[in-house]
Each structure stands twice: as structure tokens, then as C-alpha cells.
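Visitor: Let's talk about aromatic rings. Please show me the structure first.

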Amino acid sequence: MVPFMKRAKVRLFVDQPLGQGQSVALSREQAHYLLGVMRLGVGDLVALFNGVDGEWQAEVAEAGKKRGILVCVERSASLRMPPDLWLLFAPIKKVRTDFIVEKAAEMGAARIFPVQTAFTNSERTRRDRLQAHAVEAAEQCGGTYVPEVADIARLDRVLAEWPADRHLMFCDEGLAGEGAGLPHVKGPWAILIGPEGGFSDDERARLVRMEQAHAVSLGPRILRADTAAVAALTVWQQALGDW
Ligand code: SAH
């Protein structure tokens, strides 16, 4: 047993298997962060997770300037999966897109899916950078799972291949103030948030025809897309999720 007082102060995502006695070689950046910036030394503990094997307390076994080795000592949490919820959103300005990804990971989305809509007007999105934001959010919020950030795809194509069993919470600014709520049906879900320009008439008509789509209002005020994403995740988690 690792004594309570000796719990790790730093949580780190590693893309390597974790298990009893497993050693984990740190990348240059990880060694710099843990050993240089956080000043950990041999014998100190770090909490590791890889999105699969839960959370492990690992001890620093070797600490060099640019390299280090950790050894897993004890599992401190099992893998906790978020609900089967995707967040589809139209990317907006860089910092606001980063915010949406970070909040989606914290709020417990299982998959983050940028979509190009008719009125999407965004800077180029970089999947790897957004994925890194999701990793950072999981490190920070105690998550043992990291939501996958998908490559951006066109909304019309995504809807054309929409899984028959996945409900879609279509957040429609056109319903602002109309009090259309979320139906209490269990199963796989996704939330869809539009861009600052809203949805086009074609998109709205198509979504309304989809059996899996449920048009929902997020209150009487028009929210910015990043606010709307957090609000929708809150409403969904409260009604159907793991809160
Ligand atoms: N320019 C649009 C607003 C877009 S807001 C207009 O003025 O009408 C960006 C996205 O946030 C919307 O596409 C929608 O998905 C969501 N949203 C914002 N406020 C909402 C509300 N009150 N109800 C439902 N969805 C909302």
C-alpha cells in the first residue's frame, strides 16, 4: 500500500501500458516537466493513466536531466468510462474551439467531433492540438479516460451516415425560448451545436426530418457556441448521464 500522505501531486497521461511493476520511460518533455519543472526525484510518486488501464501510482525510479523512468506501484482507480455521448460542434475561433474541447472532456463526453456546417467560418482546426487539449483536461480533472477528438467532417456527410440507434440532441437556436426539452430516452446520444452563424434552413430541414434528432432549446437567450456546448452537456448529463 502506498501511504495516504504519499499520494502523487502530479497526474500524467502516458500512451503506454500500465500494470503492476510496469516501467514507463518518460519522453523528453515529460522528463522536463516532472523532473525539471515539478522537481520530482527518485522515490516520488506520479499518478499515471493511459485511458485504458485506470490510474496507477508510479514511483520515480530513475531521474536524469532529459530522461527518467517510472515504475507502477499500485492501481489507485479503475477505468471510469464516460456515458456514450458525442459532442458535435462547428469549430469557431481558435481559443473558443480549445475551450469547447477542454470543457467537453471535463464534462464527460466520450467523443469530440468537429463538423463543418454551412455557416462554419473557422481557422483551420488541428486534430492533434485539440487532442492534446483533451488529454490536458483529463489530467486536470481526475479522469481516467480521454475522449477521442475526431477529424473534422462535413455535417451533411456525417448526418447521411448517422447511426440508426444514436439519438441526436439538436440544439436549435431557432427554438430559443420555446421550452423544447430533452426527451428522456436512454441509449447512445450526441449533442449538436452550430456555429456563430447558426444553422442554415437546409440543415434545419434535414435535421427535423431525422428520426434520431430531437430539437432542443437552451433557454430564451441566444448563447455563444462555446457557452451552448457547456450548457447542453450540463442539461444532458443531469437528465441522462452519470451525474
Ligand atoms: N447566429 C445565431 C446564433 C448561433 S449560436 C443567431 O443569432 O440565431 C451558436 C449555436 O449555439 C447554435 O447554432 C445552437 O446550436 C446553440 N444555441 C445557442 N443558443 C441556443 C438556444 N437558446 N437554444 C438552442 N440552441 C442554442
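Guide: Start with a cluster: Trp86, Phe113 and Trp162 form one aromatic cluster. Bear in mind that this is a predicted model.

Visitor: How many aromatic pairs does a search of the whole structure find?

Guide: The search finds four aromatic pairs. One of them is Phe13 with Phe49, at 5.6 Å centre to centre and 70° between the planes.

Visitor: Why is the pair of Phe13 and Phe49 called edge-to-face?

Guide: The planes are 70° apart. Over 60 degrees counts as edge-to-face, so the name applies. Phe13 is in strand 1 and Phe49 in strand 3, 36 residues apart. Both Phe13 and Phe49 are buried.

Visitor: What makes Trp86 and Trp162 an aromatic pair?

Guide: Their centres are 5.7 Å apart. The limit is 6.5 Å, so they pair. The angle between the planes is 80°, and the pair is edge-to-face. Trp86 lies in strand 6, while Trp162 lies in the loop between helix 4 and strand 10. They are 76 residues apart.

Visitor: How do you know whether Trp86 is buried or exposed?

Guide: Its relative accessibility is 15%. Buried means under 20%, so Trp86 counts as buried. Trp162 has a relative accessible area of 8%, so Trp162 is buried by that cut-off.

Visitor: Which charged end sits over the ring of Trp86, 4.7 Å from its centre?

Guide: That of Arg111. The distance cut-off is 6 Å, and 4.7 Å is within it. Arg166 also lies over the face of Trp86, at 3.7 Å from the ring centre.

Technical notes: Residues are numbered from 1 along each chain as its sequence is written. This is a predicted model: local features need pLDDT of at least 70, side-chain atom pairs count only at pLDDT 80 or more; totals for chains, interfaces and linings use all residues. Side-chain values use heavy atoms; hydrogens and water are left out. Rings of Phe, Tyr and Trp (its six-membered ring) pair if their centres lie within 6.5 Å; planes under 30 degrees apart count as stacked, over 60 as edge-to-face and the rest as tilted. Helices (H or I, at least four residues) and strands (E, at least two) are DSSP runs, numbered from the N terminus. Buried means under 20% relative accessible area, exposed over 50%, partly exposed in between (1.4 Å probe, protein chains only). A charge sits over a ring if NZ of Lys or CZ of Arg is within 6 Å of the ring centre and within 35 degrees of the ring normal.
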